[in-house]
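Biologist: I am new to this model. Could you walk me through how to read its features?

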Amino acid sequence: MSRVTLSRYLIEQTRSHNTPADLRFLIEVVARACKAISHQVSKGALGGVLGSLDSENVQGEVQKKLDVISNEILLEANEWGGHLAGMASEEMDNAYQIPGKYPKGAYLLVFDPLDGSSNIDVNVSVGTIFSVLRCPDEQQGETGDLGEDAFLQPGTEQVCAGYAIYGPQTMLMLTLGNGVKGFTLDRELGSFVLTHDTIKVPESTKEFAINMSNQRHWEAPVQRYVGELLAGESGPLGRNYNMRWIASMVADVHRILTRGGVFMYPRDGRDPAMPGKLRLMYEANPMAMIIEQAGGAATDGSQRILDIQPTSLHQRVPVFLGSKEEVLRITAYHRS
Ligand code: AHG
Ligand code: MN
Ligand code: MN
């Protein structure tokens, strides 16, 4: 049986779902960048890529060397191909302008170049999360700088979302809005090969993911819900739950796509100015699209994540995503 590479899958999508050629090219380039990042990540101490820099990003987080390397790989791979009108990233304060010497295109690429970077130095899975939006017509091909407002579109407008996970295997999980496909990097072939054709998040689960160390800061609905999970068989939910927390969103979401579960990063009382930790544009939105496309649900406690109208590039939101039954339960607790 011949193997379906990412390239072949994308060509088939062009035929069956009218995926535009420039979007196909864009995804191929992102996948190529992820391969390069995977390569860098896997070098570890041998490549001198571990550890932190002296710099901080716009969110006041210390940048790891690999955060910056990954960001540069994505920028360099994508800036020249003529498929993008601009880029935005966790690691850059403002929108990235396509250099004047290169052609501009119709799409916007938003990414978290390296997610879970606190896990890099301890050799635990990390990843790259990305989201593709259309650049509003009136801002395409303009000679001036592309403003932040071009990016501020709700997640429902994403034409594609995906992530690469750099773990025991490097995988690329992708949605073009008609289901989720999983590709595994075949290092001998140098290509991503379709290995997970039907990805479905089970509707119910007995597994949850939350950073329990923040318990004292949570709001009442989350206290109630997690209290019920911990009460197990003799509690109101009548069954025992298991807990996992990898602290790399990609790895936690990947587990949920594989065997179900509910992932929570709620708003908490540590810093009233921070409504949650995760960023809407390049963490919550792409993951919400993937989870929904796999039959799961994603809310911020009160509304569907994909319906949120963004107000800034680095906006943070509370996140509840995964198996439908549990996400709907915790969302109902916020409403009651
Ligand atoms: P990043 O490394 O891109 O800043 O993202 C880290 C995020 C996410 O991957 C993870 O779910 C969460 O931070 C973990 O947070 P805690 O360290 O608070 O558990
Ligand atoms: Mn992240
Ligand atoms: Mn990151």
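Modeller: We will take metals, salt bridges, the ligand and one serine in turn. This is a predicted model, where local features need pLDDT of at least 70, side-chain atom pairs count only at pLDDT 80 or more, and totals for chains, interfaces and linings use all residues. Residues are numbered from 1 along each chain as its sequence is written, chains are lettered from A and ligands numbered from 1 in the order in which they are written, and side-chain values use heavy atoms, with hydrogens and water left out.

Biologist: Which residues coordinate the manganese ion (ligand 2)?

Modeller: Donors are N, O and S atoms within 2.8 Å of the metal (3.2 Å for Na, K and Ca); water is not among the atoms, so sites may look incomplete. Here, Asp 112 (OD), Asp 115 (OD) and Glu 283 (OE) coordinate the ion at 1.9 to 2.2 Å. Their spacing in sequence is D-x2-D-x167-E.

Biologist: What does Asp 112 bridge?

Modeller: Asp 112 bridges the manganese ions that are ligand 2 and ligand 3, which lie 3.7 Å apart.

Biologist: Is Asp 112 buried or exposed?

Modeller: Buried means under 20% relative accessible area, exposed over 50%, partly exposed in between (1.4 Å probe, protein chains only). Asp 112 has a relative accessible area of 0%, so it is buried. Asp 115 is buried too, at 5%.

Biologist: How many salt bridges are there in the whole structure?

Modeller: Side chains of opposite charge can pair when their charged atoms come close. The cut-off for a salt bridge is a side-chain nitrogen of Lys or Arg within 4 Å of a carboxyl oxygen of Asp or Glu. A search of the whole structure finds 19. One of them joins Arg 8 and Glu 12, with the closest N and O atoms 3.1 Å apart.

Biologist: Where do Arg 8 and Glu 12 sit?

Modeller: Helices (H or I, at least four residues) and strands (E, at least two) are DSSP runs, numbered from the N terminus. Both residues are in helix α1 (residues 6-17), 4 residues apart, so about one helical turn separates them. Arg 8 is partly exposed at 35%. Glu 12 is partly exposed at 32%.

Biologist: What about Arg 259 and Glu 207?

Modeller: Their salt bridge has its closest N and O atoms 2.8 Å apart. Arg 259 is in helix α5 (residues 249-259) and Glu 207 in strand β11 (residues 207-209), so the pair ties together parts 52 residues apart in sequence. Arg 259 is partly exposed at 46%, whereas Glu 207 is buried at 9%.

Biologist: Which residues form a network of salt bridges with shared partners?

Modeller: Take one more pair before that. Glu 326 and Arg 239 meet at 3.4 Å, N to O. Glu 326 is buried, at 0%. As for the network, shared partners join Glu 61, Glu 90, Arg 279 and Glu 283.

Biologist: How many residues surround ligand 1?

Modeller: Near means that a heavy atom of the residue lies within 4 Å of the molecule. By that rule 18 residues surround ligand 1, and the closest are Asp 115, Gly 116, Asn 211, Met 249 and Tyr 265. A backbone N or O atom of Met 249 is 2.8 Å from a ligand 1 oxygen. For a side-chain N or O atom of Lys 277, the distance to a ligand 1 oxygen is 3.0 Å.

Biologist: Which residues does Ser 38 contact?

Modeller: Contact means heavy atoms within 4.5 Å. Leaving aside neighbours within four places in sequence, Ser 38 contacts Tyr 166, Thr 170, Leu 185 and Arg 187. Ser 38 belongs to helix α2 (residues 21-43) and is buried at 2%.

Note on methods
Polar contact = N/O pair within 3.5 Å; in protein donor to acceptor, adjacent residues only side chain to side chain.
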